[in-house]
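Here is my note on the packing of this model.

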Amino acid sequence: IMTYDEHNPRTSPGATASVNWTEATIRYALKHRVAPSKMILGIAGYGWDWDTTADKALYSSYALLMDQKTKYKAKVQWNSRSQTPHFRYVDKNHHSHEVWFENSNSLRFKLNLVEKYNLRGIGIWRLGLEDPKYWTTIPEKIKVKKNE
């Protein structure tokens, strides 16, 4: 199930996938009789950079967002409600930006849901965009089952 793009270019800035929204999506699927053993949780490996001055959003990789954070000396903050990171900056054209993304820390909360609901596993949209630390976080949280 696709549990990303809760906030996107058609919405106001916000979490790519808050933990509560992700869990509500899982519960919806379970309520409609999707077996947990058949459910693969779709997880984002990217973020959105909203140019709030120009009223547009750009889809971006974790690496590119971290470059923007460094370039504009932004400070990453943690939103405890959504369990996701975000930051703000003003670019060279004096446009204000609000950035929400996924990282290995926010991934942990989604992986906890995989365990809580005994889901089949995860799928990541789109490989190559994610925080490189995903690859150490995933095996810490999800055990690979033999003969599958």
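1. Main core. This is a predicted model. Its largest nonpolar core has 15 residues. Those with the most contacts inside this core are I26, L41, I43, L107, L119, Y134 and I138. At least two residues each come from α1 (19–31), β1, α3 and α4. α3 gives the largest share, with four residues.

2. Contacts of L41. Which residues does L41 touch, once neighbours within four places in sequence are set aside? The partners are I1, T3, T22, I26, K110, V114, L119, G121, I122 and G123.

3. Second core. A separate core has nine residues. Y4, Y46, W48 and W50 are among them.

4. Helix α4. This helix spans residues 134–141, and its buried residues are Y134, T137 and I138. Why do they count as being on the same side of α4? They cover an arc of only 100 degrees around the axis, so they share that side. The buried residues of α4 pack against β1 (40–44), α3 (104–116) and β7 (121–125).

5. Helix α2. In this helix, residues 62–71, the buried residues are Y62, L65, M66 and Q68. Seen down the axis, they fall within an arc of 155 degrees, so they line one face of α2. The face turned away from the buried side carries T70 and K71, both exposed. On the buried side, the packing partners are β2 (46–51), β3 (56–61), β5 (84–90) and β6 (96–101). After α2 comes K73, with a positive phi near 55 degrees.

6. Aromatic rings. How many aromatic pairs does a search of the whole structure find? The count is 10. One of the pairs is W48 with W50. Their centres are 6.5 Å apart and their planes make 45 degrees, a tilted arrangement. Both angle cut-offs matter for that label: stacked needs under 30 degrees and edge-to-face over 60, so 45 degrees falls to tilted.

7. Burial of the pair. Are W48 and W50 buried or exposed? W48 has 8% relative accessibility, so it counts as buried. W50 is at 4% and therefore also counts as buried. Both belong to one aromatic cluster together with Y4, Y46 and Y59.

Technical notes: Residues numbered from 1 in each chain as written. Predicted model: local features only at pLDDT ≥ 70, side-chain atom pairs only at ≥ 80, totals over all residues. Heavy atoms only, no water. Phe/Tyr/Trp six-rings, centres within 6.5 Å; stacked < 30°, edge-to-face > 60°. Buried < 20%, exposed > 50% of the residue type's maximum accessible area, 1.4 Å probe, protein only. Arc of directions from axis to C-beta. Contact = heavy atoms within 4.5 Å. Core = buried A, V, L, I, M, F, W, Y, C linked by side-chain atoms within 4.5 Å.
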